Amino acid sequence: MEERMLLVSGERGRAALEGLMRECGFSAVRAAGSGGEARRLFSEGGFELVLVNTPLPDEFGSALALETARESDAGVALLVNAPQADAVSAEVEDFGVFVVEKPFSRPMLFQSLRLVLASRRRMLGLQRENVRLNEKLEELRLVSRAKGALMRVLGMTEPQAHRALQRYAMDRGIKMTAAAEEFLRKAAD
């Protein structure tokens, strides 16, 4: 995997987790030994996955996971001891943080991290689609404003105003939104 990963773990277990991540195919692993160090490294940006091995020396780690999930598009997973896993999961799962119960097997951890990354890719796709739809909605609003102005100023019906904008755009070889912008700019003068 070519995803950049931030591994956050106290001294105990960090070397083993780093080795396991490399075995799982993560080649770009940065390690932090505390929540504070992780926040500094994370501010550099560019991490697709953050794995927090709780507890950390300076905090438990769930607050770090929540901050990371809220402030970035990185996939976030928490490794939590079995007795605490359900309570921590209830606290963080609504924010997209995955909880992996310790102890875990190598295949279980690898599959969990693949699910985190798959969810991240899906979320990014939905975000791109949302941006595209918002742009389309803004274009429709612009054309609608121009048609409304044509209807008010020239007494056209909505279909007539629509055809007039289409004709104007075709005659000039521009998009309908550009025609609407030009008309609104001229109408404001």
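This is a predicted model: local features need pLDDT of at least 70, side-chain atom pairs count only at pLDDT 80 or more; totals for chains, interfaces and linings use all residues.
Where does P103 lie? P103 sits in the loop between β5 (97-102) and α5.

M5 is found in strand β1, residues 4-8. Is M5 buried or exposed? M5 has a relative accessible area of 0%, so M5 is buried. Look at what surrounds M5. Leaving out residues up to four places away in sequence, M5 touches M21, F26, A28, V29, R30, F47, L49, L51 and L113. Now find V50. M5 and V50 are 45 residues apart along the chain. Their C-alpha atoms are separated by 5.7 Å.

Next stop, S34. This serine lies in the loop between β2 (28-32) and α2 (35-43). Why does S34 count as buried? Its relative accessibility is 16%, and buried means under 20%. What does the side chain of S34 reach? The side chain of S34 reaches the backbone nitrogen of E37, at 3.1 Å. Setting aside neighbours within four places, S34 is in contact with V8, L56, P57 and D58.

Now the peptide bonds. In general, most peptide bonds are trans. The bond from T54 to P55 is cis, with omega near -10°. P55 lies in the loop between β3 (49-53) and α3 (62-71).

On to helix α5, residues 106-154. S119 lies in this helix. At 34% relative accessibility, S119 counts as partly exposed. Compare S119 with A146. They are 27 residues apart in sequence. In space, C-alpha to C-alpha, they are 41 Å apart.

Two packed helices are described by the angle between their axes and the distance between the axes. Take α5 and helix α7, residues 176-188. They pack at an angle of about 45°, with axes 9 Å apart. The two helices are therefore oblique to each other. Their crossing is left-handed. Which residues meet? From α5 we have E139, L142, V143, R145, A146, A149 and L150. They meet M176, T177, A180, E181, F183 and L184 in α7. The residues of this contact divide into 9 nonpolar, 1 polar and 3 charged.

Helix α7 has another partner on my list. Helix α6, residues 158-172, packs with α7 at an angle of about 105°. Their axes are 9 Å apart. That angle makes α6 roughly perpendicular to α7. On the α6 side, the contact is made by H162, L165, Q166, Y168, A169 and R172. On the α7 side, the residues are M176, A179, A180, E182, F183 and K186. How do the residues of this contact divide? There are 7 nonpolar, 2 polar and 3 charged.

A quick recap. M5 is buried in this model. Helix α7 is oblique to α5, and α6 is roughly perpendicular to α7.

How values were computed:
Residues are numbered from 1 along each chain as its sequence is written. Side-chain values use heavy atoms; hydrogens and water are left out. Helices (H or I, at least four residues) and strands (E, at least two) are DSSP runs, numbered from the N terminus. Buried means under 20% relative accessible area, exposed over 50%, partly exposed in between (1.4 Å probe, protein chains only). A polar contact is a pair of N or O atoms within 3.5 Å; within protein, one must be able to donate a hydrogen and the other to accept it, and residues adjacent in sequence count only if both atoms are side-chain atoms. Contact means heavy atoms within 4.5 Å. Axes are lines fitted to C-alpha atoms, for helices over the stretch in contact, and angles run from 0 to 180 degrees between N-to-C directions. Angles under 35 degrees count as roughly parallel, over 145 as roughly antiparallel, 65 to 115 as roughly perpendicular and the rest as oblique. A crossing is left-handed if the near helix is turned anticlockwise from the far one by less than a right angle, and right-handed if clockwise. Ala, Val, Leu, Ile, Met, Phe, Trp, Tyr, Cys and Pro count as nonpolar, Asp, Glu, Lys and Arg as charged, and the others, Gly among them, as polar.
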